[in-house]
Amino acid sequence: RYERIIEISQQLNSTHGHATLLRRIISASMELTNCEAASILLIDPATGELRFEQTSNMDDSEMNSIVVPMEGSIAGWVAAHGEARVIEDVSREPRFFSSVDDAIDFQTRSILAVPMRTRNKVIGTLEAVNKADGQPFNDEDIKILTTLASQAASAIENARLFQQSDFMAEMVHELRTPLAALKTSIALLQRDLPDEHRDEIMTTMQQETNRLIRMTSDFLDLARLESGRTRLERMWFDLGPLVHECAGIIRPQAHEQNISVTAESSSLSVFGDASKLKQVLLNLLTNAIKYNRPGGSITVSTATIERQGQPYVQISVRDTGYGISPENQKQLFQRFYRAADTAGFTQGTGLGLAIARRIVEAHGGEIWVESRENVGSTFTFTLPLV
């Protein structure tokens with residue numbers, strides 16, 4: 001097992017994707033301790049709360065709805081004291097937080113919980129639940145999981161730093177353009193210019209200021225999504241009215257270019273974050289206007305489908321624009337990628353589709369595009385119906 005943990009450690013340290021890294025830690029925990037389930041609980045730096053970040057036996061909606069108390073839970077005690085604990089029979093443990101079992105219809109019999117410690121602090125707790133062979137967790141299990149937790153904590157911190165440094169470099173690069181425009185505008189205003197030129201410069205400054213505001217808002221949205229710190233406020237809601245509402249919001253803008261907007265969606269109850277999904281829909285619909293042709297059309301529709309035996313709702317936004325080349329399609333959902341619109345200008349922050357993808361994936365769905373040049377594009381995303 002120690003030879004195996006060296007291999008796993010190398011894999012973890014070379015993984016910079018947050019979600020992939022967490023899944024690998026869970027898989028390694030179950031393999032090395034031969035347990036039925038495993039969980040990663042991390043301390044939220046903003047609130048100090050202990051939350052499930054990844055588990056083997058919960059979906060995203062269940063994880064996001066549970067806050068584990070620092071006092072009154074085994075994981076909280078381990079995170080607060082920085083010491084491992086083995087509970088052979090949780091029914092006799094006063095700190096056992098039974099609300100989790102009640103919420104996911106699971107029976108916990110025994111727990112091995114170890115702190116996830118970096119150089120100078122504990123960032124969370126790694127738990128192994130129920131030995132698969134029915135035996136109690138032993139000293140070797142404690143040593144193995146403690147070693148893995150230390151490697152995992154280091155890998156998580158490295159992944160966070162990698163994403164932050166990479167994201168910051170891109171962000172600074174993108175901010176230079178509007179800042180340079182503002183600097184030039186201020187320099188021009190200091191000159192003795194005719195009033196009409198001053199008005200033009202003031203308009204430019206207003207546009208670039210608004211662009212900076214949009215950028216910073218999008219930066220924060222994407223940074224929170226990529227770090228896993230955005231919590232979806234899930235609830236049951238009717239998708240049909242949301243689709244029609246979004247179509248109504250963008251219809252005046254579409255009519256300015258003589259573009260028709262049609263919404264085809266009946267009542268359909270889904271479980272998700274309505275405000276975040278509204279953000280996705282509005283982004284796709286706004287893009288459908290921007291990259292459409294005058295006199296074109298936009299259709300947003302929903303349908304229920306089955307993928308790999310599971311039910312999903314599929315939401316599609318179809319336009320009759322100029323289409324997207326195969327080369328550009330490969331990059332559309334990357335950060336800061338912007339294609340020229342129908343007027344030949346590159347606009348926006350280049351983060352809208354990257355944010356949309358993160359929101360859809362956080363809901364357990366997928367997003368993609370199908371497009372033919374000079375015919376149009378269809379952006380589609382799915383949401384699990386559970």
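The model is predicted, so local features need pLDDT of at least 70 and side-chain atom pairs count only at pLDDT 80 or more, while totals for chains, interfaces and linings use all residues. Residues are numbered from 1 along each chain as its sequence is written, and side-chain values use heavy atoms, with hydrogens and water left out.

Overall make-up comes first. The protein chain has 11 helices and 13 strands; these are DSSP runs numbered from the N terminus, H or I of at least four residues for helices and E of at least two for strands. Of its 386 residues, 46% are buried, meaning under 20% relative accessible area, against over 50% for exposed and in between for partly exposed, with a 1.4 Å probe and protein chains only. The chain exposes about 19500 Å², and carbon and sulfur atoms supply 48% of that. These areas come from the Shrake-Rupley method with a 1.4 Å probe, and for residues only the protein chains shown count as cover.

Now the strands. β1 (residues 35–43) and β2 (residues 50–55) run antiparallel, joined by 5 bridges; strands count as paired if DSSP finds at least two bridges between them. They form a hairpin with 6 residues between them, and Gly-48 in the turn has a positive phi of about 80 degrees. Ile-43 has Leu-50 of β2 as its bridge partner, and Leu-50 is also bridged to Val-68 in β3. β2 and β3 (residues 67–68) pair antiparallel over 2 bridges. Why is β2 described as largely enclosed by the rest of the structure? Because 6 of its 6 residues are buried.

Next, Glu-208, in helix α7 (residues 195–227). Glu-208 is buried, at a relative accessible area of 14%. Beyond its neighbours within four places in sequence, Glu-208 is in contact (heavy atoms within 4.5 Å) with Pro-178, Ala-181 and Leu-182.

Last, the cavities. There are 3 of 30 Å³ or more. A cavity is a set of points, on a 1 Å grid over the protein atoms alone, where a 1.4 Å probe fits but cannot get out; lining residues have an atom within 4 Å of a point. The largest cavity holds about 220 Å³, a volume being the space filled by probe spheres set on points joined across faces, edges and corners. Its lining has 20 residues, with Phe-52, Phe-96, Val-100, Ile-111 and Glu-127 nearest the centre. β1, α4 (74–81), α5 (99–104) and β6 (122–131) each supply at least two lining residues.

How values were computed:
1 Å grid on protein atoms, 1.4 Å probe; cavity = no way out; pocket = protein on both sides within 12 Å on 5 of 7 lines; lining within 4 Å.
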